[in-house]
Amino acid sequence: AGVHLGEASHGLAFAGSLAGALRGIDVVSGRPRWTLPVGSPRETTVFSPVVSGDSVAASFAVFGASGQGGIVVVDRDSGRLRWQRFVPGSTGASGNPVFAGQAVLVTARDGTIHAFDVTSGTPLWVWPKVERLRDEQDYRPLAVSGGTVLAGSMSGEVVAYDLASRRILWRRSPSLSSVAFGIVARDGVVYVPNFSNQIVALRVSNGDELWRIGGAASQFRWVPLVEGPLLLASGSTLLSLFRHSAPYHLGRR
């Protein structure tokens, strides 16, 4: 699995691979309980899976002549394929999918965000790319907080979408550098690592900046682990544990 180890649930850890397979691994024995081939082992990479209820989703990329990417959704316990779709406008999936209500969302390399019905795989809607990167590829990590979907961008912009109306709630560019490889939302706050080597905390409701940590020496470019009042951040040369205030106090700092 390497870097493509994903989430865990109900005694299973889910993993993608460089050899085109999605696996459910028993966390006690370490043995695969099920393996699902997604594409050619020589050409396909399956990225880190995510899980919601009894559904597991993973994005994948085909690096052969077709240059396509897409998303696959399987049953959590059996690994049975529910559906698999190629994502239009993509030369390979760009970032891990997220579950949002009855939809699962995944981004394409052209910067568009595609929503599919979790059960059937029916395409539901598409959010457009960031306009300033109109003619370029983009990497847009996703996170969900309640009824809000948040997306980063190589442009440095963070966009919040209302899931019910599908409209943009706000846009912010808290850094002059690109958003890094993943963002995470907890308790009304979205934590955004940037290639400026900082992690910026934004309020989900309106995009206000609450605080930022890091800098050149820290190299904080990876999605942090947030658990209650603790935030664990990894850099190129150090691992740091921070304690932050409760969300309702953050605006006073």
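Select Ala233 and, in β24, Ser240: the two stand opposite each other. This is a predicted model, in which local features need pLDDT of at least 70, side-chain atom pairs count only at pLDDT 80 or more, and totals for chains, interfaces and linings use all residues. Residues are numbered from 1 along each chain as its sequence is written, and side-chain values use heavy atoms, with hydrogens and water left out.

**Stop 1: the sheet around β23**

Show β23, residues 230–234, together with β24. Five bridges join these antiparallel strands. Strands here are DSSP runs (E, at least two residues), as helices are (H or I, at least four), numbered from the N terminus. Two strands pair if DSSP finds at least two bridges between them.

The open sheet has three strands in the order β22-β23-β24, paired antiparallel. Which strands stand at the edges? They are β22 and β24 (239–243); each has a single partner strand, so one side of each is left without a neighbour in the sheet. Neighbouring strands of this sheet are turned by 15 degrees against each other on average, direction ignored. For such angles, axes are lines fitted to C-alpha atoms (for helices over the stretch in contact), and angles run from 0 to 180 degrees between N-to-C directions.

Go to the loop between β23 and β24 and pick Thr237. Buried or exposed? Thr237 counts as exposed, because its relative accessibility is 67%. The cut-offs are under 20% relative accessible area for buried, over 50% for exposed and in between for partly exposed (1.4 Å probe, protein chains only).

**Stop 2: the four-stranded sheet**

Select β18 to β21. These four strands form an open sheet in the order β18-β19-β20-β21, with antiparallel pairing. β18 and β21 are the edge strands, each pairing on one side only. On average, neighbouring strands of this sheet are turned by 20 degrees against each other, direction ignored.

Start with β19 and β20. They run antiparallel and are joined by five bridges. Pro193 stands opposite Ile199 in β20. Then move on to β20 (residues 198–203) and β21, also antiparallel and joined by five bridges. Here Leu202 stands opposite Glu209 in β21.

Follow the hairpin of β20 and β21. Five residues lie between its strands, and Gly207 takes a positive phi near 85 degrees. Asn206 is found in the loop between β20 and β21. At 29% relative accessibility, Asn206 counts as partly exposed. Asn206 and Val226 are 20 residues apart in sequence and 20 Å apart in space, C-alpha to C-alpha.

Two loop residues deserve a click. Asp187 lies in the loop between β18 and β19. Asp187 is not a glycine, yet has a positive phi of about 50 degrees. Its relative accessibility of 59% makes Asp187 exposed. Gln219 lies in the loop between β21 and β22 (225–227). Gln219 is not a glycine either, and has a positive phi of about 60 degrees.

**Stop 3: aromatic pairs**

Show the aromatic rings. The whole structure holds nine aromatic pairs. Rings of Phe, Tyr and Trp (its six-membered ring) pair if their centres lie within 6.5 Å; planes under 30 degrees apart count as stacked, over 60 as edge-to-face and the rest as tilted.

Zoom in on Tyr191 and Trp211. This pair is tilted, at 5.9 Å centre to centre and 50 degrees between the planes. It links distant parts of the chain: Tyr191 is in β19 (residues 189–193) and Trp211 in β21 (residues 209–214), 20 residues apart. Tyr191 is buried at 2% relative accessibility. Trp211 is buried too, with a relative accessible area of 15%.

Next, select Trp125, Trp127 and Tyr161, which form one aromatic cluster.

**Stop 4: the largest pocket**

Finish with the largest pocket. About 1100 Å³ of space lies in it. A pocket is an open set of points on a 1 Å grid over the protein atoms alone, where a 1.4 Å probe fits, with protein on both sides within 12 Å along at least five of seven lines; lining residues have an atom within 4 Å of a point. Grid points are joined across faces, edges and corners, and the volume is the space filled by probe spheres set on the points.

Which residues lie closest to the centre of the largest pocket? Of the 36 lining residues, they are Ser48, Val50, Asn96, Gly182 and Val223. The elements that give two or more residues to this lining are β1 (5–9), β6 (50–52), β10 (98–100), β14 (142–145) and β18 (184–186).

Colour the lining by class: 23 residues are nonpolar, ten polar and three charged. Ala, Val, Leu, Ile, Met, Phe, Trp, Tyr, Cys and Pro count as nonpolar, Asp, Glu, Lys and Arg as charged, and the others, Gly among them, as polar.
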